[in-house]
Amino acid sequence: MPSVKIGDKLPQGTFSYIPHTSELDDKLACGIPIKLSTEEWKGKKVVLFSVPGAFTPTCHAKHLPRYLEKYDEFKAKGVDTIAVLAANDAFVMSGWARVEGLQDKILALSDTGAEWSKSLGSDLAIQTPGITRTARYAIIINDLEIAYIEVEPAPGVTVSGADAVLAKL
């Protein structure tokens, strides 16, 4: 269970991120990581969903694509920013974003070592042999306040999926 709850202020965090540019259309380009702070979400409605890893089966085929398919519906409900978060580094997240065709419609953020996810609660970081991953969860943030937070209770995509989150907006 997360240690944060609906109505709490979002813990401050800083993520690595490679913004999409036309240069990244060249598959050999890597881009330059920048920092994105949660403070940049002040005054905004943000949907943040976390996945255990870029290019992993459920994340790649079932979780992220549905958010991209529903992008216009999120925007129609007043969402300013949609972001996907994983413990992968910014280069992997950027590569995944390019393969998925996100082009910054959905920001692909790196939560290195799942440090920010850990600040939300111990079950939001998963220990696997040799690596700490982020859990599968979703948060709706209104002006840096948590309006919705759910962690997947079992493998699969239910409470953190695009349809569940849209229903809570």
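Residues are numbered from 1 along each chain as its sequence is written, and side-chain values use heavy atoms, with hydrogens and water left out. In this predicted model, local features need pLDDT of at least 70 and side-chain atom pairs count only at pLDDT 80 or more, whereas totals for chains, interfaces and linings use all residues.

A polar atom of the S50 side chain lies 2.8 Å from the backbone oxygen of A135. Leaving aside neighbours within four places in sequence, the contacts of S50 (heavy atoms within 4.5 Å) include H63, L85 and Y137.

Strand β8 (residues 137-142) pairs with strand β9 (residues 145-151) in the antiparallel sense over six bridges, where pairing requires that DSSP finds at least two bridges between the strands. Within this pair, I140 stands opposite Y148 in β9. The hairpin has two residues between the strands, and D143 takes a positive phi near 50° there.

The side chain of D143 also meets that of K42 in a salt bridge (4.0 Å, N to O), defined as a side-chain nitrogen of Lys or Arg within 4 Å of a carboxyl oxygen of Asp or Glu. This pair links distant parts of the chain, with K42 in the loop between β2 (34-37) and β3, and D143 in the loop between β8 and β9, 101 residues apart. K42 is exposed at 56% relative accessible area, whereas D143 counts as partly exposed at 42%.

Helix α1 (residues 57-69) has its end C-alpha atoms 18 Å apart, which agrees with the 18 Å that its 13 residues should span at 1.5 Å a residue, the expected span being 1.5 Å times one less than the number of residues. Among the buried residues of α1 are H63 and Y67.

K70 is buried, with a relative accessible area of 14%, and forms a salt bridge with E73 at 3.3 Å between the closest N and O atoms. D163 forms a salt bridge with K70 as well, at 3.5 Å. Because D163 lies in helix α5 (residues 162-168) and K70 in the loop between α1 and α2 (71-76), the pair ties together parts that are 93 residues apart in sequence. R66, E69, K70, E73 and D163 are linked in a network of salt bridges.

Technical notes
Polar contact = N/O pair within 3.5 Å; in protein donor to acceptor, adjacent residues only side chain to side chain. Helix = DSSP H or I, 4+ residues; strand = E, 2+ residues; numbered from the N terminus. Buried < 20%, exposed > 50% of the residue type's maximum accessible area, 1.4 Å probe, protein only.
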